[in-house]
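Reader: I am new to protein structures and would like to learn how to look at one. Could we go through this one together, step by step?

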Amino acid sequence: EFLGRVDRQLKIRGFRIEPEEIEEDIRGISGVIDAAVTALKSFTGEYILAAFYVTENGVSSEMIDAELRKRL
């Protein structure tokens with residue numbers, strides 16, 4: 001009996017993605033406490049990759065966003 005995947009691997013636009021690897025990279029950014037990555041259905045019906053993160057107090061989200069774009 002097949003119960004589903006053991007990992008959380010996602011397939012978006014033909015690419016297989018491991019959310020845990022992206023979450024680990026995001027948590028590696030200075031000032032980030034925690035992160036979560038998932039696939040969301042857009043208004044066009046396509047799946048998109050979404051990342052959410054929590055920062056330490058006083059850390060600017062603009063600074064984190066800039067580092068995310070550079071790193072990922």
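Author: Gladly! Keep in mind that this is a predicted model. Let us begin with E46, which touches L40 and K41 when residues up to four places away in sequence are left out.

Reader: Is E46 buried, partly exposed or exposed?

Author: Buried means under 20% relative accessible area and exposed means over 50%. The relative accessibility of E46 is 46%, so this residue counts as partly exposed.

Reader: How many Å apart in space are E46 and R13, C-alpha to C-alpha?

Author: In sequence, E46 and R13 are 33 residues apart. In space, C-alpha to C-alpha, the separation of E46 and R13 is 8.4 Å.

Reader: Which residues does Y47 touch, not counting residues up to four places away in sequence?

Author: Y47 has its place in strand β4 and, at 43% relative accessibility, counts as partly exposed. Its C-alpha atom is 9.9 Å from that of L10, a residue 37 places away along the chain. Leaving out residues up to four places away in sequence, Y47 touches I12, R13, A39, L40 and K41.

Reader: Which residues make the nonpolar surface patch of about 260 Å²?

Author: One member is I48, a residue of strand β4. At 36% relative accessibility, I48 counts as partly exposed. The patch of about 260 Å² is made by L40, I48 and F52.

Reader: Now the inside. Which element gives the largest share of the largest nonpolar core?

Author: This core has 10 residues in all: I12, I17, I22, I26, I29, V32, A35, V37, I64 and L68. Two or more residues come from each of α1, β3 and α2. The largest share, 3 residues, comes from β3.

Reader: Why are the buried residues of α1 on the same side?

Author: In helix α1, residues 19-27, the buried residues are P19, I22, E23 and I26. They are on the same side of α1 because they cover an arc of only 100° around the axis. As a general rule, an α-helix has 3.6 residues a turn, so residues three or four places apart point the same way.

Reader: Which exposed residues are on the face of α1 turned away from its buried side?

Author: The buried side of α1 has cover that includes β1 (10-12), β2 (15-17), β3 (32-41), β4 (47-55) and α2 (61-71). The face turned away from that side carries the exposed residues E21 and E24.

Reader: How many residues apart in sequence are the parts that E20 and R8 tie together?

Author: The side chains of E20 and R8 meet in a salt bridge, at 3.6 Å from N to O. E20 lies in helix α1 and R8 in the segment before β1, so the pair ties together parts that are 12 residues apart in sequence.

Reader: Is E23 buried or exposed?

Author: E23 forms a salt bridge with R27, and their closest N and O atoms are 3.8 Å apart. Both residues lie in helix α1, 4 residues apart, about one turn of the helix. R27 is partly exposed, with a relative accessible area of 36%. For E23 the relative accessible area is 6%, so E23 is buried.

Reader: Which residues are linked in a network of salt bridges?

Author: A search of the whole structure finds 6 salt bridges. One of them joins the side chains of D34 and R27, at 3.0 Å from N to O, and R27 also forms a salt bridge with E23. The residues linked in the network are R8, E20, E23, R27 and D34.

Terms used. Residues numbered from 1 in each chain as written. Predicted model: local features only at pLDDT ≥ 70, side-chain atom pairs only at ≥ 80, totals over all residues. Heavy atoms only, no water. Buried < 20%, exposed > 50% of the residue type's maximum accessible area, 1.4 Å probe, protein only. Arc of directions from axis to C-beta. Contact = heavy atoms within 4.5 Å. Patch = residues over 30% accessible without salt bridge, like charges linked within 9 Å, V, L, I, M, F, W, Y side chains within 5 Å. Areas by Shrake-Rupley, 256 points an atom, 1.4 Å probe, with all protein chains shown as cover. Salt bridge = Lys/Arg side-chain N within 4 Å of Asp/Glu carboxyl O. Core = buried A, V, L, I, M, F, W, Y, C linked by side-chain atoms within 4.5 Å.
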